[in-house]
Amino acid sequence: MRYIRAAGVRDQRSTPSGDAHSWTHKAACSGMPLDLFFGPPYEREPAKSLREADALQVCAACPVRIDCLEDALIPDPKQQHGIAGGMTAEERISERRKRARRLGGKPQRKVAKRPARKPSRVLVDATGTMRRLQALATRGIGSKTVERHCAHGSHGHLGDIRNGDCKKIDARVAKAVADAYPRLAALPPGPNGGQAFALARAKGWAPPEAWDGADIDDPRSEPRTVRIPAVGFARRLQAAAVAGVPISVAVQATGLSRTFLSKLRSGGVDTLRPEDAEALRKAWPQVAASEAFSPGTIGQAVTNGWLPLSAWEGVDIDDPDAKPRQTAAA
Ligand code: SF4
């Protein structure tokens, strides 16, 4: 059929070389008008029109009809219409289907190659990222700070991940947080307070050191229970009391309860949660510089034999075995 079209255009039959098409020079349609077999371009006619009937008559007498039909039955989107091999386009489609059914498969079609698809987002488990963000929150590092250090992830999304609202996240966000985490965890603690810090304390999130030696990305792993010796913090609060600074100053600066801080100052607490220790560490400069004065607090310090800060000069106040330079409050 395709050779007929060529013949019509060039007013002579075009015969491709090669044995596979050696039959074409015997075609009965050779030299006939192209429109007889194809009709005017893109015209849709009623099935089996007069023109088609004439063309089919030519095919019926064609000595190479079988060869022509076999060639025309090769699926080709460009050869979907016209008469060829003694069949209309519809009859050829039907014949193709029949043959495909006999072979037990679907009729083959030439499928245009689709352009390569853009790889879709890779999602990963959010556990490790959530734990990292929670650990940073225990240091007072919120999602806005994390966002500034990460190439991917908005602070809103990072906050959702930290709060456990996302089960799967974009792998690029997970990597960005994992890459920034060591750097952020090593930052000096910021000023006390802040939403992230308060949330971490309220939720009891594990600090970075709780994941030392554990796979933070493994959902089955558990954080170590980290407790910080309380002795140094108790000594500082006692020293503040010797200076007359009431416990309410520490309550305000740390956000911790008065009962807890009073117990700590009296030596009734052995260890602290890391986040409480962090709160006390951050609050200490403010407590030490406070000008608040309470004679009752001084009386309490004298009664209990608490030591001033000067007693710990040159000694590690946090060392449980450290000995003060003097043994009684002045
Ligand atoms: S079968 Fe019909 S279309 Fe095919 S070569 Fe013969 S005359 Fe032409």
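Mentor: Phe233, Leu237, Ala241, Ala250 and Val287 touch the most other members of the largest nonpolar core, which has 28 residues. A nonpolar core here is a set of buried Ala, Val, Leu, Ile, Met, Phe, Trp, Tyr and Cys residues joined through C-beta atoms within 7 Å. Buried means 20 or more other C-beta atoms within 10 Å of a residue's own, exposed means 12 or fewer, and partly exposed is in between, with C-beta atoms placed from the backbone.

Trainee: Which helices each supply at least two residues of this core?
Mentor: Helix H11 (231-242), helix H12 (247-254), helix H13 (258-265) and helix H14 (274-288) do. H11 gives the most, eight residues. Helices (H or I, at least four residues) and strands (E, at least two) are DSSP runs, numbered from the N terminus.

Trainee: Before I go on, what kind of model is it?
Mentor: This is a predicted model, where local features need pLDDT of at least 70 and side-chain atom pairs count only at pLDDT 80 or more, while totals for chains, interfaces and linings use all residues. Residues are numbered from 1 along each chain as its sequence is written.

Trainee: OK, back to H11. At what angle do H11 and H15 pack?
Mentor: About 120°, and the axes of H11 and helix H15 (residues 295-304) are 7 Å apart. Axes are lines fitted to C-alpha atoms, for helices over the stretch in contact, and angles run from 0 to 180 degrees between N-to-C directions. That makes H11 oblique to H15; under 35 degrees counts as roughly parallel, over 145 as roughly antiparallel, 65 to 115 as roughly perpendicular and the rest as oblique.

Trainee: And which residues in H11 and H15 meet?
Mentor: Gln238, Ala241 and Val242 from H11 meet Thr297, Ile298, Gln300 and Ala301 from H15. Contact means C-beta atoms, placed from the backbone, within 7 Å.

Trainee: Ala289 next: buried or exposed?
Mentor: Exposed, because Ala289 has 9 other C-beta atoms within 10 Å. Ala289 sits in the loop between H14 and H15.

Notes. Contact = placed C-beta atoms within 7 Å.
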